[in-house]
Amino acid sequence: MDGELATTVDDFLAHKRALGRKYLNEEATLRLLVAFMDRHGVTTLTGLTTRLLDEFVASRPRPRDRSFNLLVGIVNSFLGWSVGQQRLESLPWQGTRRKVTDQRLPFLFDPSQVRRVLEAAAAVPDNARAIGRGPTYHAIFALCYGLGLRAGEACGLRLDDIDAGRQLLVVRGGKFGKSRLVPFGPHIGELLDLQFTRRIEHEGAGQDAPLFTFDGRRCVHPCTASGTFRRIVTELGFPVPDGTTAPHLHCLRHSFAVGSLLRWYREGIDPSTRLLQLATFMGHVDPSSTAVYLTITPELLSAASNRFEAFAEPAWAEARP
């Protein structure tokens, strides 16, 4: 029934990664758990006690509720898996998550705001270590908004990920390590063609080279792109509604999702018939993950209300005297 703690952690991580999950943050946390227990002379699963696990969580202070809940969830998941694998007889501890009180709505960009951001990005000047910053950032931000890509997915694209003939992008190594095909239209196609041509003709890059790079070898780092985006939106000074997070690069992905839903309402399309497609397009396992991105806005409420009124009008007409 019992087993070595470190070995069980390795097996747990291998199991999760076999399911296509990266589990990098989880691994770091569980390695800290192993080191903490080792300092207390505990190397086996049966040595895990409620007191020691409480002390471990207390040793990793998390002022933010979501961060604390992530820590508790990792430990709970590991212990639950160990019981399911019959390596533990019962749960020695079950952490209680905090009620999330710091949840804030994402900042949603409207088309006019995005245009201003893209114009400002295109005007970013070069420096001694980075040539072509303007068109590079302009293209990265446009892909995040126009195709709903994550920052890491856009920055990590390579030249051979573009299938211009079929108008497809191969997005590799997304969340949980999964890859997917993302179709694009003529506007995004033109933008990708310009970037592709610049890299091939002016810089002599090979087909497996990064699409977005400042040194010709390494992809633009997502944190670098995020920092530039923050500086741009700070300078533009967009008003931030109460209860809304300050605008950051990932908000473009949220804006894409909400914009898609609003467009379907306005085109008379039942959104429930398209949510699975949207989830697949955005690289989610199921629509419940996509729902996190679908912030309810006044425009969405109005569009949904109009659709319901049109749907219910025949019943109301029959009920009238």
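What follows is a set of questions and answers on the terms used for this model.

This is a predicted model, in which local features need pLDDT of at least 70 and side-chain atom pairs count only at pLDDT 80 or more, while totals for chains, interfaces and linings use all residues. Residues are numbered from 1 along each chain as its sequence is written, and side-chain values use heavy atoms, with hydrogens and water left out.

Q: What makes a stretch count as one of the helices or strands, and how many of each does the protein have?
A: Helices are DSSP runs of H or I with at least four residues, strands are runs of E with at least two, and both are numbered from the N terminus. The protein has 13 helices and three strands.

Q: Why is Ser-260 called buried?
A: Buried means under 20% relative accessible area, exposed means over 50%, and partly exposed lies in between (1.4 Å probe, protein chains only). Ser-260 has a relative accessibility of 2%, so Ser-260 counts as buried. Ser-260 belongs to helix H10 (residues 251-266). Of the 321 residues in the protein, 40% are buried.

Q: Is Gln-86 buried or exposed, and how do you know?
A: The relative accessible area of Gln-86 is 61%, so Gln-86 is exposed. Gln-86 sits in the loop between helix H4 (65-84) and H5.

Q: What makes the phi of Gln-86 worth noting?
A: Most residues other than glycine have a negative phi. Gln-86 is a residue other than glycine, yet its phi is positive, near 60°. Tyr-23 is not a glycine either and has a positive phi of about 55°. Tyr-23 lies in the loop between helix H1 (5-18) and helix H2 (24-39). Tyr-23 has a relative accessible area of 11%, so Tyr-23 is buried.

Q: How do you know which residues Thr-29 is in contact with?
A: Contact means heavy atoms within 4.5 Å. With neighbours within four places in sequence left aside, Thr-29 is in contact with Phe-56, Leu-71 and Ile-74. Thr-29 is part of helix H2. Its relative accessibility is 10%, so Thr-29 counts as buried.

Q: Why is H5 called oblique to H9?
A: Two packed helices are described by the angle between their axes and the distance between the axes. Axes are lines fitted to C-alpha atoms, for helices over the stretch in contact, and angles run from 0 to 180 degrees between N-to-C directions. Helix H5 (residues 111-122) and helix H9 (residues 222-236) pack at about 120°, with their axes 10 Å apart. Angles under 35 degrees count as roughly parallel, over 145 as roughly antiparallel, 65 to 115 as roughly perpendicular and the rest as oblique. That makes H5 oblique to H9.

Q: What makes up the contact of H5 with H9, by class?
A: Arg-116, Val-117, Ala-120 and Ala-121 of H5 meet Phe-229, Ile-232, Val-233 and Leu-236 of H9. Ala, Val, Leu, Ile, Met, Phe, Trp, Tyr, Cys and Pro count as nonpolar, Asp, Glu, Lys and Arg as charged, and the others, Gly among them, as polar. The contact therefore has seven nonpolar, no polar and one charged residues.

Q: Why is H6 called roughly perpendicular to H9?
A: The axes of helix H6 (residues 133-146) and H9 cross at roughly 95° and come within 11 Å. That makes H6 roughly perpendicular to H9. The residues of H6 in this contact are Arg-133, Tyr-137 and Phe-141. They meet Thr-224, Ala-225, Thr-228, Phe-229, Arg-231 and Ile-232 in H9.

Q: How do you know that Ala-225 is buried?
A: The relative accessibility of Ala-225 is 0%, so Ala-225 counts as buried. Not counting residues up to four places away in sequence, Ala-225 touches Tyr-137, Phe-141, Cys-155 and Leu-249. Ala-225 and Ala-151 are 74 residues apart in sequence, and their C-alpha atoms are 7.7 Å apart.

Q: What makes H10 roughly antiparallel to H11?
A: H10 and helix H11 (residues 275-282) pack at an angle of about 155°, with their axes 12 Å apart. That makes H10 roughly antiparallel to H11. Arg-253, Phe-256, Ala-257, Ser-260 and Trp-264 in H10 meet Leu-278, Phe-281 and Met-282 in H11. By class, this contact has six nonpolar, one polar and one charged residues.
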